[in-house]
Amino acid sequence: MEGRDESVIPASIPSGDNSVWADASPLIAAACNDLRDGELIHGENFNLFAAMSALEIMDPKMDSGMEENGFHSIEEAIEKGAAPVPLSSESTVDVQRCIDVMDHLLSCEATWHKGHSLAQTVFSCIYLLRMERTSSHPLLHSYCKIMRSTCNAVIAAVSDARTHEEEDIFVMAHGLPLQGDRDEKCLSLLNSVEETISRQLRACKAQVSRKKPSDDVGSLQTIPDLEEGFCRALLCRLRFRKHFYHALMCMRKHQGRGIELAKKHVASCLSELAFMSKSVEFLRSNGLGSCHGEIEYRTTASGKQPFGFDASLNSRLSAPTPPRAVQIVSWKQAILYFEKLMNDLDVALSLPLDPLLENILQFLVQFQKSEPHLVARAHLQLLLIQDGKLYGKDSFHAVISRAIALPEITRDQAFQENEFVVQLGQLVMNLIKILCTNNAWQRRKLGKILEDWGVVSIQLELAFRREYDEMLKVSAEENLYMKLSKHLLVWAEETTYWIASRFLLLGFQLELYSPKEYCMVYWYLYVIFVNLLEKMQLRITYSVDNSRRKGKKKQDLAKDAGFHPPTGVSSTCLLLQCYVYISEGLTMMLAALHNERPSFQISSPFNSEHERFIQHFELLQRANVPQHISYHLFKESTANVQISNVLKHNYFKEVQRIITSLRGSFARDPERLLELHRLEQVVDHNRVALGVIERVGANDASLEISFEFPYHPYFAVAVVKRS
C-alpha cells in the first residue's frame, strides 16, 4: 500500500453493517517503528482463542512458506543433485557418504521416537521418499528398505497398544510411503548385502596375513588401507538394523513365544551399538574431506553433513505436517537413546509371565522407574495383553480368581458371567494398560479410574450385605456365592487403595507438590496406607483360611502367604507398615514445623491451604477414597502437634526395627533390599534432624530447614543448617 494516495478496496470484500474497510498502512508503518520484539497490536475483539487459531506468518517456526532455502518438490531436489545414486562416482567417497546417510537416519529415528513427526525426521530422507531410485545401489537400497519396514513395525505396535497418549503425532504417517512392494523381503536383501561385505572383510584380512584371497571377491572401495575399517563400520550398522527388526517381530509373537529369541536379538543390538561407537575414531580420522563446527553435535559419526536430506520438504508437500523446525538429535545422543531402548526392552522381556496380578503390578511399577520411552512401553503392554487376555492365554476372570485366593472357581460358568467379575476384569485390563503409559498420563488416568473402582466396591458391599442378611435361608452352594462376594469386595477395596497410593506417589515424581504442601500429602498418604494395609491383611487371612481347608501344611501356608517367620505377618505387609510409619512421622514432623515456624505456613493471595487440599485430592474425594476424609479432619489431626510429640512417639525408630527383621525375608530380592536400604537412609537422617531441631528449638531463626529427596523418590529427608 506504500506509495499510494488512496486505498482501493476490492469489490469482493464489501463493507458490512458493523465494519468499514480502511487503509491500515499508516498504522502498520507506525507499529513497525514503535513495537519491540514480542509485542502485539490488536483490536478489542481479539482474544486468546483468536490468537491460538490464527495463522502465524513471518515466523520461521510456524510459517512453512517463509524459508526460501530448500527444495519445493522431490523432483526438484533430485534434479539439483541433492540425492545422487550412487552418492559419488568414486567408490571410497560413495561408501563414506552411504555411512553418513545411515548415521543421520539413526539420529532421525531417535528424534522421531522422542515424539517428533515421522515426516520431518526419518522421511526427510529423499532416498526413502523415492526408494525405487536406489535399486541400482544394493547397500543403500537394502538399508532404506529395512528402515522403512522397521518404522512400519514400530507404528503398528504403538498404534495397537495405544500408549502414545499426547504423543499422537508419533503414529501420523502424513501420507508417506511406509509400505512398498516386496518389503517383506527386506531381510533377505539385507542378508545378501551383509554376506557380500563379510566376504570382502575376510578377503581383506587374508591379504593382511599374506594368504591368497578368493579371486571372485571384489573390494568395497579403492583404498586398501581403509578397506577393513569401512567393512567393519558398515557391518555393525547393517547388523544392528537386522537384529532390531528381528527383535520387534519376535516380541509380537503370540503368547510370548518369541521372548527368548527377542532377548538374543536385543543383546546383539547392544553389541552392534558398541561396535558402531568404536567406528567413530576410524571414520573421523580417515574420512575424506573436512568437516566444520562442533563434531559432538553432528548427526553422523564422521561429523560430515549427509547427502539426500531436506527437513523442510514434507512441510511444503504435506498439509498435516507441522511447519515448525525440528532439531535432530546428535549421532552420539542417538546411540545413547538406542542403548537405553535396548536395555528397557531387555527389562520388558524379563517379564516372568507370572499369572499373579500383584506381581505384575509390582513389575510395572519397577519398570517405570527407569522412565522408559514410548516404544519400550508399547511392546511391554502388547506382551501383557493380547486378544483381551493376560499374555494372550489367561482370561481375566482367572486372574481375579487367583487374586482373591479362590482358584477352584475359575472354571465355574456362573463365576465367569458374574457381572462384578466381568466389570472388574475390564478394570484390571485398563489398569495394566494405564501403568504402561508415561508417568504424567498415567497419573491423570489413575485419578479418573478411581471412581470406577470405587463404584464397583460400593456395589459389591451392597450385594454382600444383602446376601449376608439372607444367609440363614441359603444352601451351601449359595453360601459359596456370598463367600465370593466377600473376597471380591476385600480385593477390590485393596486394589482401589493401591491405585490411590500410586496416584499420590506419582505426584512426587512429577514434582506436583510444593514443600509447604508436603504435610497434607503425607497425611493423606498415611490414611491411604493404613486402609491398604488393613485390606491386604484381610485378603491374606482369607487366603490362609482357604488353604487350611484344603489341608496344606503349615510351612506351605507360610510360603504361599509370604509370612515373615519371627512375626507371623506377611513380609509385604511389614514393608507397607514401614510406609505407614514413615508417612505418619513425616506428617507429624511437618505439622510441628508448620505450627512452630511461620515459614512453613501457606500464605498465598491466590490459593488458600483449603483450596490446595481440594485441588490435590479432589479425584480421591470424589471416589470416596477413603470415606469421611476431609480438610477439617486433616487440620484437626495436625493442629496441636509439637516437635516434642514427634520425638516421643518415635515413628522412625519403629521403621528401623522392622527393616532389621525384614532383611532375611528379602535376601533373594535385590529390588526389595535396595528399597529397605533407601528407607533406612530416610529414617536415619530424619531422626538426626529431629534431634537437632529439638535441641536448638524449632522456632530458632538461625535454623534453615528444607526437605529434599536424596535417598528415596517419595519420602523426603529434612536438611537442617545454621545460617
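Student: Leaving aside neighbours within four places in sequence, which residues is histidine 141 in contact with?
Tutor: This is a predicted model. Histidine 141 sits in helix 6, residues 138-161. Setting aside its neighbours within four places in sequence, its contacts are Met131, Thr134, Ser135 and Leu189.

Student: Is histidine 141 buried or exposed?
Tutor: The relative accessible area of histidine 141 is 13%. The cut-off for burial is under 20%. Histidine 141 is therefore buried.

Student: What share of the residues in the chain is buried?
Tutor: The chain has 26 helices and six strands. It holds 723 residues. Of these, the buried share is 49%.

Student: Among contacts between residues at least 6 apart in sequence, what percentage joins residues at least 24 apart?
Tutor: The count takes in contacts in the chain between residues at least 6 apart. Those joining residues at least 24 apart make up 75%.

Student: How is helix 21 set against helix 23: roughly parallel or roughly perpendicular?
Tutor: Two packed helices are described by the angle between their axes and the distance between the axes. For helix 21 and helix 23 the angle is about 80 degrees, and the axes lie 10 Å apart. Angles of 65 to 115 degrees count as roughly perpendicular. The two helices are therefore roughly perpendicular.

Student: Which residues of helix 23 meet helix 21?
Tutor: Helix 21 brings Thr587, Met588, Ala591, His594 and Asn595 to the contact. By class, the residues of this contact are two nonpolar, five polar and one charged. On the helix 23 side, the residues are Lys635, Ser637 and Thr638.

Student: How much space lies in the largest cavity?
Tutor: The model has three cavities of 30 Å³ or more. The space in the largest cavity is about 70 Å³.

Student: Which elements give two or more residues to the lining of the largest cavity?
Tutor: The lining consists of Lys516, Glu517, Cys519, Met520, Ala591, His594, Asn595, Glu609, Phe634, Lys635 and Thr638. The elements that give two or more of these are helix 19 (518-549), helix 21 (571-596) and helix 23 (631-638).

Student: How many charged residues are in the lining of the largest cavity?
Tutor: Among the lining residues are Lys516, Glu517, Glu609 and Lys635. Lys and Glu count as charged. The lining also has four nonpolar and three polar residues. The charged residues number four.

Student: Where is proline 86, at the end of the cis peptide bond from valine 85?
Tutor: The bond from valine 85 to proline 86 has omega near -5 degrees, and it is cis. Proline 86 falls in the loop between helix 3 (74-79) and helix 4 (91-113).

Student: What is omega for the cis bond from valine 625 to proline 626?
Tutor: Proline 626 belongs to the loop between helix 22 (609-622) and helix 23. The bond from valine 625 into this proline is cis. Its omega is near -15 degrees.

Student: What is phi of histidine 628?
Tutor: Histidine 628 lies in the loop between helix 22 and helix 23. At 74% relative accessibility it counts as exposed. Phi is positive, in a residue other than glycine. The value is near 65 degrees.

Student: Why does glutamine 255 count as partly exposed?
Tutor: Glutamine 255 is in the loop between helix 8 (224-251) and helix 9 (259-286). Its phi is also positive, near 60 degrees. Glutamine 255 qualifies because its relative accessibility is 25%.

Notes:
Residues are numbered from 1 along each chain as its sequence is written. This is a predicted model: local features need pLDDT of at least 70, side-chain atom pairs count only at pLDDT 80 or more; totals for chains, interfaces and linings use all residues. Side-chain values use heavy atoms; hydrogens and water are left out. On a 1 Å grid over the protein atoms alone, a cavity is a set of points where a 1.4 Å probe fits but cannot get out, and a pocket is an open set with protein on both sides within 12 Å along at least five of seven lines; lining residues have an atom within 4 Å of a point. Grid points are joined across faces, edges and corners, and a volume is the space filled by probe spheres set on the points. Helices (H or I, at least four residues) and strands (E, at least two) are DSSP runs, numbered from the N terminus. Buried means under 20% relative accessible area, exposed over 50%, partly exposed in between (1.4 Å probe, protein chains only). Contact means heavy atoms within 4.5 Å. Axes are lines fitted to C-alpha atoms, for helices over the stretch in contact, and angles run from 0 to 180 degrees between N-to-C directions. Angles under 35 degrees count as roughly parallel, over 145 as roughly antiparallel, 65 to 115 as roughly perpendicular and the rest as oblique.
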